[in-house]
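Subject: Structure handover

Hi,

Here is the structure I promised to pass on to you. Have a look at it first, and then read on for what turned up.

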Amino acid sequence: MTYNPVQNKASKTFERTMTYDLYTDPKVFELEQELIFSKSWQLVGHVSQVEKEGQFFTTEVAGEPIIVTRGMDGEIRAFYNVCPHRATKLEKKESGQKKILQCGYHGWTFHLDGQLNKAPNFSGEDASCISDRCLRGVRMEVMQSFIFVNLDDDAKPLNESYGDFASRLDKYPFLGELKRINSKTRIIKANWKAFIDNYLECDHCYVAHPSFVSTLDMKNYQIITCENYSVQGTVVKPDKQMGTTDLNEAEMQGGEFFWLWPNLMMTIYPGPGNIATIQMIPIDHETTLGVYTYYFRDENLTQEEKDLVAFAEQVRQEDVELVELEQVGFRSRAFNKGVYSQSEKAIVQFHDMVLEALGK
């Protein structure tokens, strides 16, 4: 799926948005699971979670249980976290380190490369019948130490799916030094698309984010649509502080905020080398799991890094309050559509992609 910003940049300016039933209809949620989340690259983790041989972590993508392992050969792989014997969820822990994975139902065991080790209830001649019953692999690729999976075996490779995004990240040499420090989740009482819409424009920043506006130079704030992603940001205002940090002398002297189709956001804030990921994972048509993960060089955060996290958390709390109020309005009979402003071309891009994926 490719978006051409030249052709679509102004085509829907002042036109109506997607209809609000796309934010409230449970049938749309079901379609999105199949046509969007099962066919797109989804961030599941970071290489710092599987630094050592035998380490693993589990997650879920579009309702499918997934396990990511680093094999004894050093390779990172992803599998459906499902035993091929009786479809039992294989690994119950969120993370750990093992040489062998064992199913808790009939005791089947598997190597970390997915190959069957032993099947206790199949012996003698029967053993040959199940020799190929390995864990089913999932497409997995790594970009700048971030681990992505895609349930669609026919999807384009990760690096081909997002245009020049990978090369944009190359300008941040500190990314390779960062580790996954912590992850927070919160239940948001709104459709996942409402949060994406909110992230993709900053008209609301003047009203809702006073600390954000007082720190960043909003006169030079830019939003650029690219191939299946968008980027926005600006530099800090002169002589600005964030807690104890002089931002004009900081490692990052501006903010850059990426959105990747369909539900991943990556934020780089002013201050010491950092990146944070935001994922909006739909629970149902009106409930979303927000996953906020921070990456710094060391788990023992400096005061500068703590100030940065506090700044980001404040902005996110303000956004959650907005989208939850928006969800109330989506259910109302007052209006069935919104209106695009000229500065909302990134939302236009997102909506175009949603409608194309759903065949609408």
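Is Arg77 buried, partly exposed or exposed? Arg77 is partly exposed, with a relative accessible area of 23%. Here buried means under 20% relative accessible area, exposed means over 50%, and partly exposed lies in between (1.4 Å probe, protein chains only).

Before the rest, a word on the ground rules. This is a predicted model, so local features need pLDDT of at least 70 and side-chain atom pairs count only at pLDDT 80 or more, while totals for chains, interfaces and linings use all residues. Residues are numbered from 1 along each chain as its sequence is written, and side-chain values use heavy atoms, with hydrogens and water left out.

**Charged pairs**

The count of salt bridges comes to 10, taking a salt bridge as a side-chain nitrogen of Lys or Arg within 4 Å of a carboxyl oxygen of Asp or Glu. One of them joins Arg77 to Asp73, with the closest N and O atoms 2.7 Å apart; Asp73 is partly exposed at 47% relative accessibility. Another pairs Asp164 with Arg168 at 3.9 Å. Both ends are partly exposed, Asp164 at 38% and Arg168 at 22%.

Arg331 and Glu286 also form a salt bridge, their closest N and O atoms being 2.7 Å apart. This pair links distant parts of the chain, 45 residues apart: Arg331 sits in the loop between helix H8 (303-330) and helix H9 (345-358), and Glu286 in the loop between strand S18 (275-284) and strand S19 (287-296). Helices (H or I, at least four residues) and strands (E, at least two) are DSSP runs, numbered from the N terminus. Arg331 is partly exposed at 49%, whereas Glu286 is buried at 18%.

Glu201, in the loop between H5 and helix H6 (205-208), is worth a look. Glu201 is buried yet has no salt bridge, and the nearest side chain of opposite charge, Lys345, is 12 Å away (Lys and Arg count as positive, Asp and Glu as negative; His and the chain ends are not counted). The Glu201 side chain does make a polar contact with that of His204, at 3.2 Å. A polar contact is a pair of N or O atoms within 3.5 Å; within protein, one must be able to donate a hydrogen and the other to accept it, and residues adjacent in sequence count only if both atoms are side-chain atoms.

Helix H5 (residues 192-199) is largely enclosed by the rest of the structure, because 8 of its 8 residues are buried. At its start, a side-chain oxygen of Asn191 reaches to within 2.9 Å of the backbone nitrogen of Lys193.

The structure holds 16 aromatic pairs. Rings of Phe, Tyr and Trp (its six-membered ring) pair if their centres lie within 6.5 Å; planes under 30 degrees apart count as stacked, over 60 as edge-to-face and the rest as tilted. Tyr172 and Phe174 form a tilted pair, 5.8 Å centre to centre with 50° between the planes, and both are buried. Trp192 and Phe350 are edge-to-face, because their centres are 5.8 Å apart and their planes are at 75°. Trp192 lies in helix H5 and Phe350 in helix H9, so the pair ties together parts that are 158 residues apart in sequence. Trp192 is buried at 1% and Phe350 at 0%. Along with Phe37, Trp259 and Trp261, they form one aromatic cluster.

Best wishes
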